[in-house]
Amino acid sequence: MIPDTQIQHLKIAARELQGKLRPESDEDAKIVQKGLMLYRQGLVHHLKIVGGSIWATVQDVTPVRVYISFPDPEDSSCTCPGYGFCRHRMAAFFHAYAQIDSVADWVEEWRKPARESSLAEQWGIKKAKDLVKTNSTDRHDYNSWVDTFTNSFQEILLGQGKPTPYIIANLLHAYMRQLRASAPVQQEWKNLYELVGKLYAFKQLAGLSEELGHSDETVNRYYRYVFDTIEEDVEDLIATLSVHSLPFDFDSFMVNLKDETATLIDTDGSFVFERVNLYRMLWNGLLKKPSWRDEERARLENFGPNRRTFAEELSLAHHYYLAKRDKDTIEILKKHGTAALTFLFYWLEELTSQGDHHRAGAYVEFLTQQMRNFIGQSGDYHRNRDFTRHAIRTAAPYFRLAGREELYERLLSQSLPYSFIEYEDYCFEKGLYDRWAELYTYASFESFSIPNDKLKVVQKNAPEVLLPILHQAADGLIAQKNRGSYRQAVRLLKKLRTVYKKLKRVPEWETFFNKLLDRTKRLRAFHAECERGKLIVTETAE
């Protein structure tokens with residue numbers, strides 16, 4: 001039986017799992033289905049509730065042991081080779097949950113969003129077909145287009161009342177189908193129509209999300225990818241339209257589109273990154289008239305430094321970039337610090353692709369100065385590692401063009417420990433073995449292992465630098481006090497002995513090893529491994 005003190009914790013874990021597992025995901029649906037089958041077949045045994053967690057055995061093809069934490073069900077483990085929350089953990093959860101509530105009700109409630117999403121999409125597609133029949137886009141008129149987009153969005157997204165988060169993506173897919181189906185026949189006009197339509201879809205969806213009060217977590221879970229798709233589609237359409245000279249008939253539409261960009265950035269609400277990115281793409285790829293860019297830059301400047309939104313500040317920085325006023329761009333980045341650093345990558349990528357390493361240098365210098373601040377803001381290793389890798393890859397073409405090795409090394413140094421892999425490889429390739437060894441000492445052998453091929457090269461060219469690395473690594477392994485770590489320690493000690501011999505410092509080795517044996521005289525298993533590895537025998541013979 002579940003102890004009374006654990007019932008509420010189990011109910012919280014049940015809600016957590018309903019939120020983490022997505023019914024629209026085929027993979028998650030299979031996990032729930034197979035876990036339910038294992039539970040119903042009675043294959044969960046020896047279930048215990050200990051310290052706010054579930055422990056159980058699940059008999060599958062082979063028996064597996066399962067652990068599930070109540071506070072965070074994803075913080076769990078299973079002895080099966082599967083990755084992530086597996087069917088065995090699901091089965092153990094169902095077995096425990098069945099003692100306090102209905103498993104069938106849990107599954108039914110979990111599946112509800114998927115059914116609602118499917119029904120919503122079917123309704124949306126039917127509504128979209130009806131709108132295609134009634135909406136006419138024969139006239140090439142910007143305001144007429146906007147009315148069509150606005151009405152279609154309202155009819156499809158809000159036609160059944162305020163949508164729940166998990167049906168928004170399906171309804172927007174229906175809207176996009178209607179958008180494509182109602183587009184003009186001529187390819188150029190069709191591309192422009194879809195571009196404006198997707199821009200309006202973004203603005204209306206962002207507004208709806210704010211109106212419904214959806215948190216970042218809710219947006220990320222249910223429909224963040226929709227915004228990403230819109231951005232990608234807009235970028236592709238801009239690239240297609242910018243390949244050839246635009247027809248004169250497009251002029252008035254471009255003016256309207258120019259004015260439209262101001263409404264993207266006039267808010268400090270949500271989706272700032274996406275808003276500025278769309279703004280940047282439009283002014284970069286389509287709105288190229290020098291007079292337009294001058295007017296827009298002046299418009300943003302005239303607000304004054306403390307009366308612009310953050311999005312307008314970044315947009316002004318982009319116009320300074322377009323005007324080759326890189327110092328002014330960087331001044332804005334300095335003002336906003338790491339919050340604005342992500343946008344630097346767009347400019348740096350463009351400059352390096354153009355081979356303009358003179359201008360790129362200023363941005364790489366600023367990136368290098370800010371790396372330590374950025375990675376210091378978050379304790380999330382994977383987030384910082386991804387950012388560091390992206391920064392290094394983005395700046396790499398500049399270093400190849402300009403030959404600024406000292407700046408490259410400074411960037412690597414400022415990014416530690418997240419740049420360890422790149423920095424270690426750089427030092428090794430350059431033959432900077434002292435620095436290479438310092439990195440391994442800094443990182444510790446427990447976190448990174450030295451490839452044998454590199455170890456042999458360093459042992460041949462600069463054996464002395466291996467001494468602190470091998471000493472530190474061997475000490476760390478011995479401190480773990482288990483047979484496996486002792487065996488690894490003996491292998492390292494044999495390498496250490498070889499290095500001392502190569503350096504003709506055998507007496508130092510003997511002094512060190514005798515002290516080590518004396519210090520570890522209570523660790524009989526370690527001494528046994530030394531004998532098995534012929535460390536002690538060798539020393540006795542000598």
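1. **Before you start.** Residues are numbered from 1 along each chain as its sequence is written, and side-chain values use heavy atoms, with hydrogens and water left out. Because this is a predicted model, local features need pLDDT of at least 70 and side-chain atom pairs count only at pLDDT 80 or more, while totals for chains, interfaces and linings use all residues.

2. **Helix H23.** Helices here are DSSP runs (H or I, at least four residues), numbered from the N terminus. H23 covers residues 483-502, and its 20 residues should span 28 Å at 1.5 Å a residue; the expected span is 1.5 Å times one less than the number of residues. The end C-alpha atoms lie 29 Å apart, which agrees.

3. **The ends of H23.** Asn482 caps the N-terminal end, with a side-chain oxygen 3.2 Å from the backbone nitrogen of Gly484. Just after the helix, Lys504 has a positive phi of about 60°.

4. **What H23 hides.** Buried means under 20% relative accessible area (1.4 Å probe, protein chains only). Among the buried residues of H23 are Tyr486, Ala489, Val490, Leu493, Leu496, Arg497 and Tyr500. An α-helix has 3.6 residues a turn, so residues three or four places apart point the same way.

5. **The largest pocket.** How much space lies in the largest pocket? About 400 Å³. A pocket is an open set of points on a 1 Å grid over the protein atoms alone, with protein on both sides within 12 Å along at least five of seven lines; lining residues have an atom within 4 Å of a point. A volume is the space filled by probe spheres set on the points, which are joined across faces, edges and corners. Of the 21 lining residues, Ile31, Tyr83, Phe85, Cys86 and Arg87 are the closest to the centre. Helices H1 (4-20), H2 (26-40) and H3 (87-97) each give two or more residues to this lining, and H2 gives the most, with 5.

6. **The second largest pocket.** This one has a volume of about 250 Å³. It is lined by 14 residues, of which Leu246, Met254, Leu286, Lys288 and Lys289 are the closest to its centre. Helices H9 (224-242) and H10 (251-264) are the elements that give two or more residues to the lining.

7. **Phe420.** Is Phe420 buried or exposed? With 4% relative accessibility, Phe420 counts as buried. Phe420 belongs to helix H19 (residues 420-429). Phe420 and Tyr175 are 245 residues apart in sequence and 47 Å apart in space, C-alpha to C-alpha.

Conventions
Buried means under 20% relative accessible area, exposed over 50%, partly exposed in between (1.4 Å probe, protein chains only). A polar contact is a pair of N or O atoms within 3.5 Å; within protein, one must be able to donate a hydrogen and the other to accept it, and residues adjacent in sequence count only if both atoms are side-chain atoms. On a 1 Å grid over the protein atoms alone, a cavity is a set of points where a 1.4 Å probe fits but cannot get out, and a pocket is an open set with protein on both sides within 12 Å along at least five of seven lines; lining residues have an atom within 4 Å of a point.
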